[in-house]
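This briefing concerns backbone geometry, domain arrangement and chain contacts. Please consult the sequence and structure shown here alongside the points that follow.

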Amino acid sequence: MSGFGNTSRNDIWWVRPLLVFLGLSSFIVYATWAALQGEHYAIGPYLSPFYSPEIFGSSPHSWFGPKPSWWPMVLPFSPAMLILWAPGGMRFTCYYYRGAYYKSFWADPPACAVSEPRKTYLGENSFPLIMQNIHRYFLYLAVIFVFFLAHDAWKAMWFADPLTGEQTFGVGVGTLVLTLNATLLGGYTFGCHSFRHLIGGFKDRLSKSPVQRKLYNCASCLNRRHMNWAWFSLFGVMFADLYVRLCSMGIWTDWRIF
Amino acid sequence: MAKVVFNIWRTNPSGGEFRAYETDITEGMVVLDAVHQIQAEHANDLAVRWNCKAGKCGSCSAEINGHPKLMCMTRMSDMPEGKPVSIQPMKAFPVIKDLVTDVSVNYRVKKSIKKFKPRSPDAPDGTWRMAQVDIDRVQEFRKCIECFLCQDVCHVLREHALHDKFAGPRHMVYNAALEMHPLDIEDRTGDLKNAHGIGFCNITKCCTTVCPENIHITDNAIIPLKERVADKFYDPLMKLFRIFSK
């Protein structure tokens, strides 16, 4: 049996790749749109995770002030463009997403035991897909981003008094959203296959390194649900941006819990 | 008792075709029981390989309704009611007759994997010491029954027939069992990259899905091996680390 889509399977095998296609496409469209806006990405102590860390930008969260003078005039500027390539690269080269988008976007194969549209196959054995081996370098950057986002969640617990400017501890719905986002991204990043390897998986005798063994076991535990972490963190980060954006636009009100 | 129609692949001089057989199904039957019943009642010359009927010998691999499965572990009660059941041989291997395939390519590939090479004995009496926590990881791989369902579902072998370039999931599991063994000192990463073509795996996880022993082939064997290959061949920082740690 050959020819694209041919199979003896009589279940609805195309539903899963279709859902993955729709899920990833909707994220890509939203993230691109949100990253290009360059406004409504911060309100009060909240900063959208798509814009964190804000290296240059107009919000009070910016590290080095507004848009730099050396930025080419022809290019649109958004603080998100300076940083989003790193977490984007992490997801693009992630082992889970690779398997998912090879099926959903490239039909290679469309599903298990279903025929493909192409006769030739190179896999990740030659250029360009051999470049997927760069994944661990994106992981290093992603780990740094998790700490930035955790710091953002901490900062989201300190609200400035509008009259005195004094910072007081508090929790709003936005605090919970940003904390949940950092937690989900942490679960995804520290359950990454490369992280699991680099933290101890490369060794055959972990019994001699008890701390490393514990870390390896923790990473393995997260790794068992890596797909779930990948999806929840993907939609978590999208929702966190949407929340901050709508609050900043005045469409949603951020409720203070205490 | 219910009558169920089975469309079974039968070889003939021009290749083969599905032939329909109807047989009675009773409670507790598995697909292999039904095939045996058809063999007894309607088709004495139907070829089917089987042995233990307990999911441990890995002989009765076939494709049931398009899913690579063991016939002895597939319950008739799990089949869609009122619909015919299709049974065909594994697509990734040449068919010998009816449901029987020639899986000998797997034995040739297995022979090409570097053998277990233990370090020098730990004790003067020539014995070794191992911690259970170190051996836990490779024990999962020892569950493999060599049914070759993972090889069958792997699209690199099934669709592209790259048997000479890619060893396949079963042999990645075998490689992992040796490579991650706490006593083994052999280096198989060069072979994994070149002769066994680990780069051909694009992580679809189909092998994991069909494994009747629930071995996490992709997450625990193939990806860790890919990472070891990346350590050695694709990571310049790791290369520097190795130079300075010598």
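E146(B) is partly exposed, because 18 other C-beta atoms lie within 10 Å; with C-beta atoms placed from the backbone, a residue counts as buried if 20 or more others lie within 10 Å of its own, as exposed if 12 or fewer do, and as partly exposed in between. The model is predicted: local features need pLDDT of at least 70, side-chain atom pairs count only at pLDDT 80 or more, and totals for chains, interfaces and linings use all residues. Residues are numbered from 1 along each chain as its sequence is written, while chains are lettered from A and ligands numbered from 1 in the order in which they are written.

**Positive phi**

- E146(B) is not a glycine, yet its phi is positive, at about 55 degrees.
- The loop between α3 (132-139) and α4 (149-153) of chain B holds E146(B); helices (H or I, at least four residues) and strands (E, at least two) are DSSP runs, numbered from the N terminus.
- A113(A), also a residue other than glycine, has a positive phi near 60 degrees.
- A113(A) is buried, because 24 other C-beta atoms lie within 10 Å, and its place is the loop between α4 and α5 of chain A.
- Most residues other than glycine have a negative phi, and most peptide bonds are trans.

**Cis peptide bonds**

- S52(A) and P53(A) are joined by a cis peptide bond, with omega about 0 degrees; P53(A) sits in the loop between β2 (46-47) and α2 (79-83) of chain A.
- D108(A) and P109(A) are likewise linked by a cis peptide bond with omega about 0 degrees, and P109(A) belongs to the loop between α4 (95-104) and α5 (135-155) of chain A.

**Domains of chain B**

- Chain B comprises domain 1 (2-101) and domain 2 (104-245), with bounds from an automatic or database domain assignment.
- The C-alpha centres of these domains of chain B are 32 Å apart.
- In chain B, 12 residues of domain 1 contact 12 residues of domain 2, contact meaning that C-beta atoms, placed from the backbone, lie within 7 Å.
- Strand β4 (residues 67-70) of chain B provides the largest share of the domain 1 side, three residues.

**Contacts between chains**

- Chain A has 33 residues in contact with 38 residues of chain B.
- On the chain A side, α4, α7 (193-201) and α8 (210-223) each supply at least two residues, and α4(A) gives the most, with five.
- That side of chain A has nine nonpolar, 14 polar and 10 charged residues; Ala, Val, Leu, Ile, Met, Phe, Trp, Tyr, Cys and Pro count as nonpolar, Asp, Glu, Lys and Arg as charged, and the others, Gly among them, as polar.

Methods: Contact = placed C-beta atoms within 7 Å.
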